[in-house]
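Work through these exercises with the sequence and the model open. Try each task before you read its solution.

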Amino acid sequence: MELLEKNEKLQDKASGSFEAKIERDDAIEPRDNMPEGYRKHLIRQMSQHAHSEVIGMQPEGNWITRAPSLRAKQILLAKIQDEGGHGLYLYSAAETLGISRDEMIAQLHSGKAKYSNIFNYPALTWADIGAIGWLVDGAAIVNQVSLQRTSYGPYSRAMVRICKEESFHQRQGYEIMAKMMSGTAAQREMAQDAMNRWWWPSLMMFGPHESESPRSGDAFKWKIKRSTNDELRQKFIDKTVQQAEVIGLKVPDDQLRWNEEKKSYDHGPINWDEFHSVINGNGPCNKQRMAHHKKVHAEGAWVREAAEAYRLKEEKLN
Ligand code: BYC
């Protein structure tokens, strides 16, 4: 019996079955066999990720016309354009799983597909643009560096490219915060206020604690996730607290303490009621974000029609 099982495993390896590939840490590619649950899990996560990139353009786009210098405006424009590009890589990567872009957008508009909690908060001042780049992109990088080793090839390759660009975004945000912290008292106050409002929602970006993370089981079994939500959140806290100290910003958590034994920070409790309320549509900007996306999507219909007409014409000519 044991011999039979061994033989089956060997055959699995030779034939490159899904399980054998996962065990060997080989990438799963679009034409490979894969369990339906794996495909669905990835479509959910990747489309959610793509939607986050695109919806994330809204709070920042709000500041393009009010950037304090031409240099700041150029940098912000380039960053927002990058986020749109990230959305495109991710929608394309998700399409290799057999879902169309139209279906993904329809799921976003119907509320079936989520996007990151973080983009349901408003960007009220220029310091918020600093906080978004530094904290939000900073949190996204920690998560995405880990996803570079995810088991689905197209997702993993998209992550490699996205991480390179995100590290510029993070520095852009930190530069804004550092500049404001070396400015007037009013500018320092504005930076601290942005820090106070964005810190906790940034920690929520990593998702719930393990005991409340129903998707994690499958995600680990299939090597979609390589680290737990809490491990990544801790990594982010440890590196960001030091960066805050360097420029004189206070982390808005009275329970934050260095734990010498763990060699990392202990932190106060996260408000999960707020998280669930925001991801279920009741954050400060959910309605505004979706209304804007729907409006712009409808206004852009002619572009999609023109592109499709051009494609059909080319097809006829060839
Ligand atoms: N927001 O079992 P769990 C960017 C949901 S954008 C909303 O732990 P999982 C940027 C989760 O979907 C980068 N929902 O789930 C752009 C699940 O609900 P459903 C965005 C969340 O999938 C512009 C439930 O809670 N990054 O960088 O194992 C400007 C239970 O959670 C969130 C990504 O999207 C959340 N934060 O783990 C600036 C990363 N967290 O679907 C910057 C890709 C959890 O069962 N995604 N939920 O109804 C992931 O890595 C994982 O999906 C998560 C969650 C870590 C987010």
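**Exercise 1. A side chain reaching into a helix**

From which residue's side chain does a polar atom lie 3.0 Å from the backbone nitrogen of Glu-274?

Solution. Keep in mind that this is a predicted model. Start at the backbone nitrogen of Glu-274. The polar side-chain atom 3.0 Å away belongs to Asn-271. Asn-271 sits in the loop between S2 and H12, while Glu-274 is part of helix H12. Asn-271 has 39% relative accessibility, so it is partly exposed, a class that runs between the 20% and 50% limits. Glu-274, at 29%, is also partly exposed. Last, look along the chain. Asn-271 and Pro-201 are 70 residues apart in sequence, and their C-alpha atoms are 9.0 Å apart. Glu-274 and Trp-200 are 74 residues apart in sequence, with 10.0 Å between their C-alpha atoms.

**Exercise 2. A contact made by Asn-286**

Find the backbone nitrogen that lies 2.6 Å from a polar side-chain atom of Asn-286. Then decide: is Asn-286 buried or exposed?

Solution. Step one: the backbone nitrogen is that of Gly-283. Step two: Asn-286 belongs to helix H13. Step three: its relative accessibility is 8%. Buried means under 20%, so Asn-286 is buried.

**Exercise 3. The ligand shell**

Describe the surroundings of the ligand. Which residues come nearest, and which helices each supply at least two shell residues?

Solution. Begin with the count. There are 35 residues around the ligand. Those that come nearest are Lys-114, Asn-117, Ser-213, Arg-215 and Lys-225. Sort the shell by class: 13 residues are nonpolar, 12 polar and 10 charged. Then assign helices. At least two shell residues come from each of H3 (36–55), H5 (70–95), H7 (126–147), H8 (153–181) and H12 (272–282).

Now take the polar distances to ligand oxygen atoms. For Lys-114, a side-chain N or O atom is 2.4 Å from a ligand oxygen. For Arg-44, a polar side-chain atom is 2.9 Å from a ligand oxygen. For Asn-143, the corresponding distance is 3.3 Å. On its own, the ligand has 1,000 Å² of accessible area, and the protein covers 92% of that.

**Exercise 4. Arg-215 on its own**

Where does Arg-215 lie in the fold, and how far is its C-alpha from that of Asn-62?

Solution. Arg-215 is in the loop between helix H9 (185–204) and helix H10 (216–221). Its relative accessibility is 45%, so it falls in the partly exposed class. Recall that Arg-215 is among the residues nearest the ligand. From Arg-215 to Asn-62 the C-alpha distance is 34 Å, across 153 residues of sequence.

**Exercise 5. The second largest pocket**

What is the volume of the second largest pocket, and how many residues line it?

Solution. The volume is about 540 Å³. The lining has 15 residues. Nearest the centre are Val-54, Ile-105, His-293, Val-296 and His-297. By class, 6 lining residues are nonpolar, 6 polar and 3 charged. For the helices, H4 (57–61), H5, H6 (101–110) and H13 (286–299) each give at least two lining residues.

**Exercise 6. Positive phi**

What are the phi values of Asp-25 and Lys-263, and where in the fold do these residues lie?

Solution. Take Asp-25. Its phi is near 65°, positive in a residue other than glycine. Asp-25 is in the loop between helix H2 (18–24) and H3. With a relative accessible area of 45%, Asp-25 is partly exposed. Turn to Lys-263. Its phi is about 60°, again positive in a residue that is not a glycine. Lys-263 is in the loop between strand S1 (257–259) and strand S2 (264–266). At 51% relative accessibility, Lys-263 is exposed, because the cut-off is over 50%.

**Exercise 7. Inside helix H3**

Is Met-46 buried or exposed? How many Å separate its C-alpha from that of Arg-188?

Solution. Met-46 is in helix H3. Its relative accessibility is 0%, so Met-46 is buried. The C-alpha atoms of Met-46 and Arg-188 are 38 Å apart, and the two residues are 142 positions apart along the chain.

Methods. Residues are numbered from 1 along each chain as its sequence is written. This is a predicted model: local features need pLDDT of at least 70, side-chain atom pairs count only at pLDDT 80 or more; totals for chains, interfaces and linings use all residues. Side-chain values use heavy atoms; hydrogens and water are left out. A residue is near a molecule or strand if one of its heavy atoms lies within 4 Å of it. A polar contact is a pair of N or O atoms within 3.5 Å; within protein, one must be able to donate a hydrogen and the other to accept it, and residues adjacent in sequence count only if both atoms are side-chain atoms. Accessible areas come from the Shrake-Rupley method with a 1.4 Å probe; for residues, only the protein chains shown count as cover. Helices (H or I, at least four residues) and strands (E, at least two) are DSSP runs, numbered from the N terminus. Ala, Val, Leu, Ile, Met, Phe, Trp, Tyr, Cys and Pro count as nonpolar, Asp, Glu, Lys and Arg as charged, and the others, Gly among them, as polar. On a 1 Å grid over the protein atoms alone, a cavity is a set of points where a 1.4 Å probe fits but cannot get out, and a pocket is an open set with protein on both sides within 12 Å along at least five of seven lines; lining residues have an atom within 4 Å of a point. Grid points are joined across faces, edges and corners, and a volume is the space filled by probe spheres set on the points. Buried means under 20% relative accessible area, exposed over 50%, partly exposed in between (1.4 Å probe, protein chains only).
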